[in-house]
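Open the model in your viewer and keep the selection tool at hand. The stops below say what to select next and what is there.

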Amino acid sequence: LCESINNVNILENTFELMPALYPNPSMGIVNVDFRNKVKNLSAEIYDLQGKKINEYTYDEAILIKIDVSNYERGIYEIRLVANDSKAYAKLKLIKM
């Protein structure tokens, strides 16, 4: 039995369209593209130990840019919540 996994960087998602995270891995700016407008967005970055590294808030957005150039190499989790907590996603980011 063989099963295909389309995007291993999406850990959880309830957005209407799956957010795209690119480039990933990254050494600088990463983009999170929602492909349609989301409102009341928060983006929180966590390290593997669960420590919050940064937090961003937006009234509305279609695409956001996050600068990870000062982050240490490693794997991070981006937690996204929007539309008055009706939509959320967890994305895996690899910082080179």
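Start with Glu12, which counts as partly exposed at 31% relative accessibility; here buried means under 20% relative accessible area, exposed over 50%, and partly exposed in between (1.4 Å probe, protein chains only). Before going on, note that this is a predicted model, where local features need pLDDT of at least 70 and side-chain atom pairs count only at pLDDT 80 or more, while totals for chains, interfaces and linings use all residues. Residues are numbered from 1 along each chain as its sequence is written, and side-chain values use heavy atoms, with hydrogens and water left out.

**Salt bridges**

The side chains of Glu12 and Lys90 form a salt bridge, 3.5 Å from N to O; the term means a side-chain nitrogen of Lys or Arg within 4 Å of a carboxyl oxygen of Asp or Glu. Glu12 lies in strand β1 (residues 10–13) and Lys90 in strand β6, so the pair ties together parts that are 78 residues apart in sequence. Strands (E, at least two residues) and helices (H or I, at least four) are DSSP runs, numbered from the N terminus. Lys90 is partly exposed, at 25% relative accessibility.

How many salt bridges are there by this rule? The count comes to five. Select Glu55 and Lys52 for another one, with the closest N and O atoms 3.2 Å apart. Glu55 has a relative accessible area of 38% and is partly exposed; Lys52, at 37%, is also partly exposed.

Next, select Arg79 and Glu77, whose side chains meet in a salt bridge at 2.5 Å, N to O. Are these two buried or exposed? Arg79 is partly exposed, with a relative accessible area of 29%, whereas Glu77 counts as buried at 18%.

**The nonpolar core**

Select Ile64 and Leu80. These residues have the most contacts inside the largest nonpolar core, which has 23 residues. Such a core is a set of buried Ala, Val, Leu, Ile, Met, Phe, Trp, Tyr and Cys residues joined through side-chain atoms within 4.5 Å. At least two residues of this core come from each of β3 (29–46), β4 (52–67), β5 (74–82) and β6 (87–95). The largest share, seven residues, is supplied by β3.

Keep Leu80 selected and show its surroundings. Not counting residues up to four places away in sequence, Leu80 touches, among others, Phe15, Phe34, Ile64 and Leu91; contact means heavy atoms within 4.5 Å.

**Aromatic pairs**

Two aromatic pairs are counted; rings of Phe, Tyr and Trp (its six-membered ring) pair if their centres lie within 6.5 Å, and planes under 30 degrees apart count as stacked, over 60 as edge-to-face and the rest as tilted. Select Phe15 and Phe34, a tilted pair with 5.2 Å centre to centre and 45 degrees between the planes. Phe15 is in the loop between β1 and β2 (20–22) and Phe34 in strand β3, 19 residues apart, and the pair links distant parts of the chain. Phe15 is buried at 8% relative accessibility, and Phe34 is buried at 1%.

Then select Tyr71 and Tyr76, a tilted pair with 5.3 Å centre to centre and 55 degrees between the planes. Both Tyr71 and Tyr76 are buried.
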